[in-house]
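The sequence and model come first, followed by the description.

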Amino acid sequence: MARFAAGAGCLAACALLGCSSEPSLPEGTYAPVKVGVVTSLSGGLESLGPGWAQAALLAEQEANSAGGVLPGRLVQLVVADDGTDPAIGRAAAARLVDDGVVAVVGAAGSDVTLSVAEVTGPARVPQISCCSTSPMLTDLQGAGDRYLFRTVPSDELQAEVLVETAREDLGCTRLAILHLDNNYGRPFGEAIAQSFTGSGGTVVSTVAFQDERASYDEEVRAVAAATPGCIAIVGYPESAGAIVRDWHSLASPPDVTWIGTDGVRADGFVAAAGDPSLVDGFMGTAPKEQSGGRREDFVARYQTAFDAAPVIFGSSQYDAAALAVLAIARAGSTDGTRIRDALYEVSRPNSDDSDRVIQPGQLAEGIAAVRAGEDVNYDGAGGAVDLDEYGNVLGDYEIWRYDAASGTFQTIDTVTAGEIGR
């Protein structure tokens, strides 16, 4: 996977592919339509950020193969590093808006996305996050009259899936919760505690932790003293891996079952633990990415372009960029409010299902259809992206397990949205 300069601020998207940062435009074309990509090239999610940037580039390539998003105007992604830090993300968003972006894809961390929205919302620049799962995004802006969207389901439902896995599949009755002390970890941890208690279990300890700490010895000792039967960990890959490593560094670590979340399902988590055997059999939950033709097409094109497999939520990032591209084409304008309104139109079916379904790899066809006056409905690589009035989507969840022998995260079960809470 290509690496990007962490302190580079904003980079022209073309530069990420190794071509000129200022490509010459064909004769008869005009200034490109800029779309910002706020992602984590440094900080707690830096192992995933470059992959998210690359996923968005596929959408740019497809749009430009059709001659651009507007007549005579190519789309240009402008990538900014958020450092997995709200303050850095807010500053990056301000630079992007000043630079004239008409939409923003990102961020990933919920804390950063909420901070970016403090800039994009007042500026009426539509923002679409691939990966921010905090329930706090739902109520940040009004129903319908909002500029913040996401292509991944909320953690409200994931907490119920995690608890059902702990109670029914693992037989856990005494749960400890370790969660990041931010707008991703706090509400997720609270939702897990509420659901677990409601199921008849006992939450014996809840410990918040900061990201990117050198040691988590104090936190793991506090959890160990509570003698849990299982531990739910809500974190980012590096911090969660460090916690597991420090747990096994205890003189006599209690025998527990670990349950992770979407933020843990990444190779960076295994690397931070230091030894794959320490996380062998580690279970967890995550929004399930689409399987079948749509997903396979995205994976194949990503591997061809970047000689690597997509990272978790890579398909959701592609979907976010794809929606932005189609919405700009549908709006026929760079006006933020018109693009916002068009997002609803291109993301979900007509009442009579008369629209044309556009799948991953078909953005050029989608743009052409829009220009021909057709209605389109984008069907995502990561799953359905039918945006509701709160900017949310519904989706299925997977229960996963890490297998050290193969070095892979394996899906062992799927919970559909309609089954959650039953």
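Predicted model: local features only at pLDDT ≥ 70, side-chain atom pairs only at ≥ 80, totals over all residues.

## Sheet and helix packing

Leu178 stands opposite Ile233 in β9.

Strand β9 covers residues 230-234 and is mostly covered, with 5 of its 5 residues buried. Cys230, Ala232 and Val234 point one way from the strand, while Ile231 and Ile233 point the other way. Residues on both faces of β9 are buried.

Which strands pair with β9? Strand β7 (residues 174-180) runs parallel to β9 and is joined to it by 5 bridges. Strand β10 (residues 257-260) is also parallel to β9, and 4 bridges join the two. Ile233 stands opposite Gly260 in β10. Gly260 in turn stands opposite Gly284 in β11. The strands β10 and β11 (residues 283-287) pair in the parallel sense over 2 bridges.

These strands belong to an open sheet of 7 strands with the order β8-β7-β9-β10-β11-β14-β15, in which the pairing is mixed. The edges are formed by β8 (202-209) and β15 (408-415); each has a single partner strand, so one side of each is left without a neighbour in the sheet. From one strand to the next, the twist averages 25°.

Helices also lie on this sheet. Helix α6 (residues 185-198) lies across β7, β8 and β9 and runs at about 165° to β7. Helix α7 packs on the sheet too, touching β7, β8 and β9, and its direction makes about 175° with that of β8.

| Helix pair | Axis separation | Angle | Crossing |
|---|---|---|---|
| α3 (residues 86-98) and α4 (residues 110-123) | 8 Å apart | about 30° | right-handed |
| α7 (residues 217-225) and α8 (residues 237-247) | within 9 Å | roughly 60° | right-handed |

The axes of α7 and α8 come within 9 Å and cross at roughly 60°. That angle makes α7 oblique to α8. On the α7 side, Asp217, Val220, Val223 and Ala224 meet Ile243, Asp246 and Trp247 of α8. By class, this contact has 5 nonpolar, no polar and 2 charged residues.

For α3 and α4, the packing angle is about 30° and the axes are 8 Å apart. That makes α3 roughly parallel to α4. The residues of α3 in the contact are Pro86, Ala87, Gly89, Arg90, Ala93, Ala94 and Val97, and they meet Asp111, Val112, Ser115, Val116, Glu118, Val119 and Ala123 in α4. The contact of α3 with α4 has 9 nonpolar, 2 polar and 3 charged residues.

Gly383 is placed in the loop between β13 (376-378) and β14 (397-403). Is Gly383 buried or exposed? Its relative accessibility is 12%, so Gly383 counts as buried. Not counting residues up to four places away in sequence, Gly383 touches Gln290, Arg294 and Asp319. Gly383 and Asp319 are 64 residues apart along the chain, and their C-alpha atoms are separated by 8.8 Å.

Notes:
Residues numbered from 1 in each chain as written. Heavy atoms only, no water. Axes fitted to C-alpha atoms, helices over the stretch in contact; angles between N-to-C directions. Parallel < 35°, antiparallel > 145°, perpendicular 65-115°, else oblique. Left-handed = near helix turned anticlockwise from the far one by under 90°. Contact = heavy atoms within 4.5 Å. Nonpolar A, V, L, I, M, F, W, Y, C, P; charged D, E, K, R; others polar. Buried < 20%, exposed > 50% of the residue type's maximum accessible area, 1.4 Å probe, protein only. Pairing = 2+ DSSP bridges.
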